[in-house]
Amino acid sequence: MQSILSIATDALAYSMALFIICIGLSLTMGLMRVVNLAHGAFAMIGGYIASYVARDLGLGYSVAIGLAVAGTVLISIPVERFLIRRIYGSSELTQVLMTIGITFCVIGITNYFFGPTLKTIPLPSLLAQPVDIGFRTISAQRLFVMLCGVAVAAGLWFLIEKTSFGIKLRATVDNAAMTDALGVRTQVIYGLSFALAIGLAAFGGVAGAEFLPIEPYYALRYMVLFLVVVSVGGAGSILGTVVACLLLGAVDTTGRYLMPDFGNFFFYAAVIAIVCLFPRGFLGRAQ
Amino acid sequence: MIPRKLLCAAAALCALLMGCVSATAETVKVGIIGPFSGPFAAQGKNFQAGVEAYMARNGKAVKGNDIEVIYRDLPTANPAQARALAQELVVKDKVQYLGGVYFTPDAMAIAPLLQQANVPLVIFNAATSAIVQQSPLVVRTSFTTAQTTTPLGKVAIENGVKKVISAVTDYGPGVDAENAFKKAFEAAGGQVVEAIRMPLNTTDFSPIMQRVRDSGAEGVFAFLPSGPPTLGFVKAFNETGLKQAGVKFFATGDLTQESDLPALGDSAVGILTGFHYAVSHDSPENKAFVEAATKVLGNPELLSFPAVGAYDGMHVIYKMIEATDGKQDAEKAVAAVKGLAWASPRGPVSIDPETRHVTQNIYLREVAKGSDGKSLNKEIRTFENQKDPGLAK
């Protein structure tokens, strides 16, 4: 029983870290219809900024997160304006080529400036200590990640369902031309959505740095993972992404406990099974 | 009046003679293949540091023969590319010696070429025992996983640990380490309760730690390639309370290489590792080596074990050039260094005449904080003159 609860706890922590990173990609792919394979690169940039701020500049963890999110969003603004904006509405192949190109550039640049070794983000003593939750000890950082995941899910739900920005966003997704005709500035909505997605990616990169270590090839290494999670959950759906993260996280963690030799086999077997049953993901929208 | 034709002939003859005179002091070319870019670029930098440190301390010529080093980049384990690079170095650049090679599959791919090329290969890193058996022209100055793991079996028993769970990454060196540890530990009376093999791309080690806990083992033996996996594993070990529960951690020095210690921080303190070289080794040769290599690297935190493998590799190559007088004769070169013994920065070493692999001291080290507050591998015990158990039949 202890083992089951323990596995469940690990799975939940991993799922939440994955969720925070992937929800941004879900928004980009579902709402803006851009296959943004550079999403992992932005998560990585967030991680690097946080590592630099916390380690080399010695500022606190919360400052590091704040600067990481702000910095990554700032970097993403010219990228969106000059590169991503060109590929809205293009064929998927064009989008893939552009965003993979951006990914490789980011990898090269970070490798050049920061070197090939991995970077850690020093945690404050509050988060670094193990916490005894009854059946086992767990790092406080993992509890923090779980809380953040829940907070992000709740916050996004509120934003999209209950605010006027959310209304405009949903309208733009359903029928961009009509929304534009009704006076909503869709370009601004796109820009803000992209910034939101990138900000979440950066936050996820920092929070998930314990699970997905920050090193130059991060962007490429986990690209398939993020893409798969979003596709299984259904692009554009928050609930779908939550379900996908929880399910795939559980399958992956359990698989690695029971038969570590098999590695990612169970994860991808589950993906194949789910996509066969739900071709658009769990809660994906019809195109 | 000297006829023009005679003048031309005389000039040509003079030029030819002058050409012959300069040809007696040849340039001996050495081709070094290593990961100078990509995820393992830091290790390639260490190769270069070792090579250039040796040349800075011992001059760039041996017996009048100038030495030219040609570097070729091989970012990952890619046997086909390794073979192609070796062929290019031999045929186009006309190297007399090949050196370097970080990964085992690359060394295996190059070995078949050596006989025909009349070129010996001095391996600066690749650590699988079987490589030296692929060709009689292979010499290795690094270590093998079996060599660094075997003393740990005895150490584990002496630390009161009777049951160990082994967790290694599922690839060549990992499997070597698992087998070597199992053999040594069981010979000393211990029991390996479970042997987990983890996939290369594992990042979340909590489920593995749960298995460790469930197995009831008193100690963990781990082997992972240096980098993100190592950090994740050590962190998971501490965070899931295993360290607090008194489970002992044994590993090879690959996990605590000096360039990774800053990232591991306090979580690594107390880990016992077995390895052939620690940057903190206290000897005059090591002091000089560290100084010279750090000058090449620029940043002292980057210095790690591949540099000493390269440094000693260059020593062997220099001795080969001396023995063959700058001429290309691979068999004579290798014969000359069999049994060669010298004081390396790591301690006393010699090349075993039968296996052509380096016999050296293996040290038991503990990760501790030095006087400057930085983590280092402190040598607490020496196992002298260890051969490669992986080749002993």
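Colleague: How many residues does the contact take from chain B and from chain A, and what makes two residues a contact?
Modeller: In this predicted model, chain B and chain A each bring 27 residues. Two residues are in contact if their C-beta atoms, placed from the backbone, lie within 7 Å. On the side of chain B that touches chain A, helix 2 (41-58), strand 8 (191-198), helix 8 (206-215) and helix 9 (228-239) each supply at least two residues. Helix 8 of chain B gives the most, with 6 residues.

Colleague: How should I read the numbering and the confidence limits?
Modeller: Residues count from 1 along each chain as its sequence is written, while chains are lettered from A and ligands numbered from 1 in the order in which they are written. Because the model is predicted, local features need pLDDT of at least 70 and side-chain atom pairs count only at pLDDT 80 or more, but totals for chains, interfaces and linings use all residues.

Colleague: Why is 172-187 of chain B called a helix, and how does its reach compare with the expected span?
Modeller: Helices are DSSP runs of H or I with at least four residues, and strands are runs of E with at least two, both numbered from the N terminus. Helix 7 of chain B has 16 residues, so it passes that cut-off. Its first and last C-alpha are 23 Å apart, close to the expected 22 Å. That expected span is 1.5 Å times one less than the number of residues.

Colleague: Which residues of helix 7 of chain B are buried?
Modeller: Among them are Ala177(B), Phe181(B) and Phe185(B). A residue is buried if 20 or more other C-beta atoms lie within 10 Å of its own, exposed if 12 or fewer, and partly exposed in between. The buried residues of this helix pack against several elements of chain B, including helix 6 (145-158) and strand 7 (163-169). Gly189(B), with a positive phi near 105°, follows helix 7 of chain B.

Colleague: What makes strand 4 and strand 5 of chain B a pair?
Modeller: Strands pair if DSSP finds at least two bridges between them. Here 3 bridges join strand 4 (97-100) to strand 5 (121-123) of chain B, so they pair, and they run parallel. One of the bridges links Gly100(B) with Ile123(B).
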